[in-house]
Every structure is written in C-alpha cells, then in structure tokens.
Amino acid sequence: MLKAVEEVTFRKLDNAAIVDFLTSSASAFFENNKIAQKDIDNLRLILSGIGSSSSRDEPILIALDQQHTEFLKILEIRFGVPRLVQNILSYCLRPRLIELQAVLAQYGSQLLKKSELYFNRTFKIYEAGQYLDDQLAPGFIVSYCQAVKATTQKITDLIEGFSCFHGSCTGFSTDEDLPLDRSLALGLGFNRVQNECFESHLPTLGENLHDIERLLVSFFEQVGLFQTQLIHNNLCQNHTFARVLRHELMVELDKLKAISCYSEKASFEGDNLVVQEVFRRQILMSFDTICFGLKQWLDFILNAMRGVPGESIVSHEISDATCRKMVCALVESGVSPSHAQEALHSLLRYQNRHQVAADEILAGELGRIHPALKPAGSKLAKILLNRFQGNSDHSDLMTAKSEAISRSKDLMLYFQKTLSQTTLLVSLGLWPVFLSTLTGCGLKGNPVSEVPALRPDIPFKTGSKPLFRSPFKTAPVPNSGKILKSPPTDTQKP
C-alpha cells in the first residue's frame, strides 16, 4: 500500500540540492576572501568529473569525500562533520515542511467546503463504538478543521526551528568569522545564525526531529478518529486501503524515530562524514514516504465523503398558526382573502416540490412563487423565520449553526492565507521536491530545469553552461549566493 520513495529519483534530486548547498557556500567563502581561486577551480573540476562519469548517480557528498575534495574539507574543519550535515539536513527539510503545510491547508479548505453540504444535518457521535449524542454536522467538521489548523500552525514553528544556520564553533571562531556565517546563512535561505559550543547544539536538531515525529503521531490519531466518525455516519466506507495505509504509516514513523535516534548517537561518537550522510539521506527518504502516504490518506477521506448524515434540523412543515399569520399579513398588504389563500397554497406546493425548509425561502424568491406574495415579502419572511420562537431545542441548533458558519469563515481565511504564502514560496524558488520523488513519478534521466538563470552554479568561464542544474522548476531564491566567476584577465574587459 505505502510506496517508498524511488531511490534513483531521490538520489538525483538530493544531489542537485547538495550541489546548490556547496556552490552557495563556495560563493560566500570566495566573497569573504576565505578561499582562493584555486579552491574554486578544484571544486569546479571535481563537480564536472562527477557530473560526466558513472558516479553522478551516487550520493554526491560521499563521492566528494572519497575524492578528498579540498573545499569539503574546509567546511568540515570550520563547522565539524555533525554540524555540517545538520545544516544540510535543515536546508533539505525546511522546504519539505513548507509543502506539508500546504497539503494540510488544502485538505482543511476542502473539508470546509464539504461541510457546507451538511449545514442543516445532524451528526451522530460515537466513542469506542457506542453512540453518545447527536451534534450538528458542520460543527463537528469545523471542530476537526480547527485541529487541522493547529497542526498547520505547529508546522510553522518547526519550519522556524529549521531556519537557523549553525555557524562555526565559538571556541574557534573570531569576530572576522561572523560576517562569513551571516553571508552563508543568507545565501542558503536561513533567517538567523547560531554560534554556540558544538556539544551544546547537538540536542537542538534532535529535538526538532522528535517534534516532527510527535506532531505526526498526534495528527494521525486525529485523522483516524475523524475517519471512524465518518464511517459510523455512513459518510465513508470502512475500506481496507485506509486501514492498511494508516498501519503502514505508523510503522514508517517508528522507522523514522529509530533513524533519528541512531543519527544523534552517531553525531556524538565520531566525525565520519559517510556514516552521517547515510543517516541524513535515510531521514529524508523516510520523511518523504510518510508525507506521500499521508497525502494519499487525506485524499481518500475527501473522495470518500459522500451521502447525507443524520436528519434535517429544520422541519419542512408550516403549522396552521403560521399559515393564518401569513394570510393576515397578505390581507394587510392589500391582497384579497381569496388571492391570499391561493398565494399561500402556491407557497406550500413550491416548498414540497423543491424540498426546501420554510426558513430557507428568501423574500425575493416569494415574488416568483406567486405575484401576490411580493408586496408582503419581508413580512412573510420574518414570520417564517420566527415560527420557532419558544422552541429552545431548535433555537440552540440555530445558534450552533450560526457559530459553525462563523468559525468556518475564519478557518477558510486562514487556510487560504497559508496556501497563498506557500504559492509565494513557489515563485521564490523554495518549493520542495518530496511529492516529485515518489515511486512511478515517471522522471527519467537527469532532471533539468527550464529556468535559464538558476542560483548558484559554477561555470567553467563567464557565459559557459553550468555543470549542474537544479531539478526544481522555480525562480531563484532572493539574497542567494552569487554565481562564481573567474576574475577578469588582462585580455578580458572588467
């Protein structure tokens, strides 16, 4: 049921992200006079060799380590292997969380639209398979959407946690190193720099990973409870697909927990880049698999929500007392008693034919039902709306319905705002890749962007084609590292 991320496609897209990370870092080092031209030339040649050889399908960070790339060693010395890999992990996880946030916002907005179909229906609440009480259907769905909103807001906090660039260790850095750290953070899209002792930092990233795991566990439970209520109200079939998918998602989440724990242990025990890079890739692949499975589950629920729950909370019948009030209102408006009776019968026939509740008939609609109803339209509409005065049960339901509509509007505004923000990130080139790294996505060969100017690739010379192109069909990130170019020679114009 739950398909894992395709290894080949993931590797190509991850390699492209690593190249972007390294070239942005090299640009910042060069601009701050921390590396020489020969270091850029060496990185350029090695990347070119990897890109044109069979090793291009291997994890590029491991390939660079095996070739003893000088610039990679510079990064390791400056930050330490655990901190370097953690920065790369944050760089790759942050956009994935942004897309997960967009998926939940889209899910919440679609649920709110579906709740509009059930505004006059009741919903039976069950606990442990036992019936408890009736509740207004839109109120129940809106309450669940409130939980979806809370989860979306928590993802915002997680994104903020992965937006911190971990600079050089304070024990080894100087005041001259701080501008470089800020330049690196800016070029890589981080919003702040944190310079602390290496040991004191390590739990921070681990806590962020554990926060993701706890958040997903909580949300899976909420989705499962919501689906169970839908099944009891005959709005969703108890399909084997959903049950198996939920179980496999929990298994994959346990796998992610184990990987993150082992990776933390490896960070404390040594500076082996290959080991930590393997853990980083496993974390990303497991997270991508979970996110894709979650999207499948949510789509299944949305597509399965059919039918009408419970009973209508509004009676279609109009009492004799209400009919007499309406006839009196028509007569007071100048309509003859016989025409008033005829108009009332037309109203009752219209109501039965279209199966609408009396208080759902609008004042402007009355004139189309019968011409005699138009002069007293506002009075008749008021009589229909007030016919339940004194009925406390109906009054409570109407109050709950009004509150549900108000909350639904507020939630819809929040989800639409979240979606617009993620759309903005798409235009800025921060859109992630995990939904395109799935099994059967159809991506063959080297992924190539259609955007002519990407950031930041290292060309052999000014005007030459870049060695690597990002697979993301997006625009460049603002404040990114500049493309490295060789300084002009005597024969070149500056």
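Helices (H or I, at least four residues) and strands (E, at least two) are taken as DSSP runs and numbered from the N terminus; on that basis the protein chain holds 15 helices and 4 strands. The model is a predicted one, in which local features need pLDDT of at least 70 and side-chain atom pairs count only at pLDDT 80 or more, while totals for chains, interfaces and linings use all residues. Residues are numbered from 1 along each chain as its sequence is written, and side-chain values use heavy atoms, with hydrogens and water left out.

View 1. Of the 494 residues of the protein chain, 50% count as buried, where buried means under 20% relative accessible area, exposed over 50%, and partly exposed in between (1.4 Å probe, protein chains only). Contact means heavy atoms within 4.5 Å; among contacts in the protein chain between residues at least 6 apart in sequence, 81% join residues at least 24 apart.

**View 2. The largest nonpolar core and the surroundings of Y107.** A nonpolar core is a set of buried Ala, Val, Leu, Ile, Met, Phe, Trp, Tyr and Cys residues joined through side-chain atoms within 4.5 Å. The largest such core has 103 residues, of which Y107, F226, W297 and I301 touch the most other members. Helix 5 (residues 81-115) gives the most to this core, with 18 residues. Leaving aside neighbours within four places in sequence, Y107 is in contact with Y144, V148, F219, F226, L298, I301 and L302. Another core, of 17 residues, lies apart from the largest one and has C323, A329, Y350 and A376 among its members.

**View 3. T151 in helix 6.** T151 is found in helix 6 (residues 137-161) and counts as buried because its relative accessibility is 6%. Once its neighbours within four places in sequence are left aside, T151 is in contact with L104, L215, F219 and Q222.

View 4. Rings of Phe, Tyr and Trp (its six-membered ring) pair if their centres lie within 6.5 Å, and a search of the whole structure finds 11 aromatic pairs. One aromatic cluster is formed by Y107, F140, Y144 and F226. A charge sits over a ring if NZ of Lys or CZ of Arg is within 6 Å of the ring centre and within 35 degrees of the ring normal; the charged end of R94 sits over the ring of F190, 4.7 Å from its centre, and that of K149 sits over the ring of Y414, 5.1 Å from its centre.

Terms used
Rings of Phe, Tyr and Trp (its six-membered ring) pair if their centres lie within 6.5 Å; planes under 30 degrees apart count as stacked, over 60 as edge-to-face and the rest as tilted.
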